[in-house]
Amino acid sequence: MAKDSKGKAAEEVPEQYGDVVQRLEDVVARLEGGTLSLEDSLKSFEEGIKLVRRGEQLLNAAEKRIEELLNEDGRDAVVPLQTGVKAPAVPSAPAPAPSRGSSGASRSAPPPEDDVPF
């Protein structure tokens, strides 16, 4: 077990992503239990932050490796994931023109036939 800056034994951060997630779930359960002292809550929170950061490192490394594998043929086949960006709006079909018939009721024309054979 490693020692922290104060010489105390510190728990190692797991190397496997699944282990990181399991430990993080354990930390969350302890914090949500409401039975920890303030000091223990802060220690658990700190452990959780370290686990989140380690999980992000592992995911980034996996994403980089996937990009490398997909780009081995020399083509840029991967578009990096952009978090926090809204998806582009899908253009909507134009609104039908108001009919000028005597009934005054709006009638829409049937949709045009596709040239797609299936």
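Biologist: Hi! Which residues does Val27 touch, not counting residues up to four places away in sequence?

Modeller: Val27 touches Ser44, Glu47, Gly48 and Leu51, where contact means heavy atoms within 4.5 Å. Bear in mind that this is a predicted model, in which local features need pLDDT of at least 70, side-chain atom pairs count only at pLDDT 80 or more, and totals for chains, interfaces and linings use all residues. Residues are numbered from 1 along each chain as its sequence is written, and side-chain values use heavy atoms, with hydrogens and water left out.

Biologist: Thanks. Where does Val27 lie?

Modeller: In helix H1, residues 17-33. Helices here are DSSP runs of H or I with at least four residues, strands are runs of E with at least two, and both are numbered from the N terminus.

Biologist: Is Val27 buried or exposed?

Modeller: Val27 counts as buried because its relative accessible area is 2%. The cut-offs are under 20% for buried, over 50% for exposed and partly exposed in between, using a 1.4 Å probe and protein chains only.

Biologist: Which side chain does the Arg54 side chain make a polar contact with?

Modeller: That of Gln57, at 3.1 Å. A polar contact is a pair of N or O atoms within 3.5 Å; within protein, one must be able to donate a hydrogen and the other to accept it, and residues adjacent in sequence count only if both atoms are side-chain atoms. Leaving out residues up to four places away in sequence, Arg54 also touches Val13, Pro14, Glu15 and Val20.

Biologist: Zooming out, what pattern does the chain follow?

Modeller: Along the sequence it reads β-β-α-α, with two strands and two helices in the chain. Buried residues make up 10% of the 118 residues.

Biologist: Where is confidence lowest in the chain, and where highest?

Modeller: Strand S1, residues 2-3, is lowest with a mean pLDDT of 44, while H1 is highest at 96. Over residues 1-9 the pLDDT is below 50, and this stretch has twelve contacts in the model beyond near neighbours in sequence. pLDDT is the predictor's confidence in each residue, from 0 to 100. Where it is low, the predicted coordinates should not be read in detail.

Biologist: What does the chain average?

Modeller: A pLDDT of 75, and 52% of the residues score at least 70.
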